[in-house]
Amino acid sequence: MFTNLIFTLNQIMKYLLILLTAMAILPAAGAQKADQLCYELRIYTTDKGKLNDLLKRFRNHTMALFEKHGMTNVGYWTPLDNPDGKLYYLMSYPSREARDASWKAFGADTTWQRVARESEANGKIVTKVESVFLKTTDFSPNNLKSEPGKVWELRMYTTTPGHLPNLLSRFRDHTVKLFKKHGMTNKIYWTPTDEAQGKDNMLYYMLTHKTEKAGKASFDAFRADPKWIKAREDSEKAAGGSLTTQVVSIYMWPTDFSPVK
């Protein structure tokens, strides 16, 4: 009986060790998987008056066909100020190779070919396609859950030569926390994967705000914050000048069919 008790305790300890090991490994594995995702930000400019035709095609056909071919629809947005009829959307894939294979299969899909042909019976819908391949930064919260009623902001920074690491350090150590302090929600941060698309000098990220007005007010408060002023001055002193040459901000609203709101 005593021997059986020892055996039972040994078995319990063995299973506990396995369980604890699994608990330690799983979060790390999940984080590794998220870091390895290939994101693609695509920007479509439509012919005059054709934005609704494009949205209809995505709503009724394209998104389902993307999913059919192994792509993940993350989010779709249109700018609040949209004179060029643009659509911004975000896709994710297990890898760049998987992305290329999925798009090849999508392009060869006879259903897609028919949909494209029928939707363009009165002329081309899209006049320009832009695409950027992205990977998340080590400090990205990867917070892509929906926040219905919120306005999204896409921001794109171009850095001075050689100073992307300095900018990332400033965001990692200071900016992200200060954004949160001033009422902004950090959603996701990326850098491009391709040299020709800004691998060494570009930062992309997304925030959400209650409204565009609230977002601009939050940035005004952020810029006046003594902690931000010190962080900026210290980082620029260490780098020998400004870290950025251009900052682009686009306030956007999720489409009715966007998976993330």
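The model is a predicted one, so to speak of local features a pLDDT of at least 70 is needed, side-chain atom pairs count only at pLDDT 80 or more, and totals for chains, interfaces and linings use all residues. Numbering runs from 1 along each chain as its sequence is written, and side-chain values use heavy atoms, with hydrogens and water left out.

Seven helices and eight strands make up the list of elements, where helices (H or I, at least four residues) and strands (E, at least two) are DSSP runs numbered from the N terminus. Of the 261 residues, 43% are buried, with buried meaning under 20% relative accessible area, exposed over 50% and partly exposed in between (1.4 Å probe, protein chains only). Among contacts with a separation of 6 or more, 78% link residues 24 or more positions apart, a contact being heavy atoms within 4.5 Å.

On to the inside. The largest nonpolar core contains 24 residues, and those with the most contacts inside it are Tyr 44, Phe 58, Phe 66, Tyr 76, Leu 87, Tyr 89 and Trp 103. A core here is a set of buried Ala, Val, Leu, Ile, Met, Phe, Trp, Tyr and Cys residues joined through side-chain atoms within 4.5 Å. Two or more residues each come from β1 (38–46), α2, β3 (86–93), α3 (96–108), α4 and β4, and α2 gives the most, with seven. Phe 58 touches Tyr 44, Met 63, Phe 66, Tyr 76, Leu 87, Tyr 89 and Phe 257, once neighbours within four places in sequence are set aside. A second, separate core has 22 residues, including Val 151, Phe 179, Ala 239 and Leu 243.

Two single residues are worth a look. Arg 99 sits in helix α3 and counts as buried because its relative accessibility is 13%. Leaving out residues up to four places away in sequence, Arg 99 is in contact with Glu 40, Arg 42, Tyr 93 and Phe 133. Asn 142, in the loop between β4 (126–136) and β5, has a phi near 50°, a positive value in a residue other than glycine. With 28% relative accessibility, Asn 142 counts as partly exposed.

Then there are the pockets. On a 1 Å grid over the protein atoms alone, a pocket is an open set of points where a 1.4 Å probe fits, with protein on both sides within 12 Å along at least five of seven lines, and lining residues have an atom within 4 Å of a point. Points are joined across faces, edges and corners, and a volume is the space filled by probe spheres set on them.

The largest pocket has a volume of about 240 Å³. Its lining has 14 residues, with Asp 53, Lys 56, Glu 118, Ser 119 and Glu 120 nearest the centre. Helices α2 (51–68) and α4 (110–119) each give two or more residues to this lining, and α2 gives the most, with five. By class, the lining has two nonpolar, five polar and seven charged residues; Ala, Val, Leu, Ile, Met, Phe, Trp, Tyr, Cys and Pro count as nonpolar, Asp, Glu, Lys and Arg as charged, and the others, Gly among them, as polar.

The second largest pocket holds about 200 Å³. Tyr 157, Arg 170, Phe 222, Trp 228 and Val 247 are the closest to its centre among the 14 lining residues. Helix α5 gives the most to this lining, with four residues.
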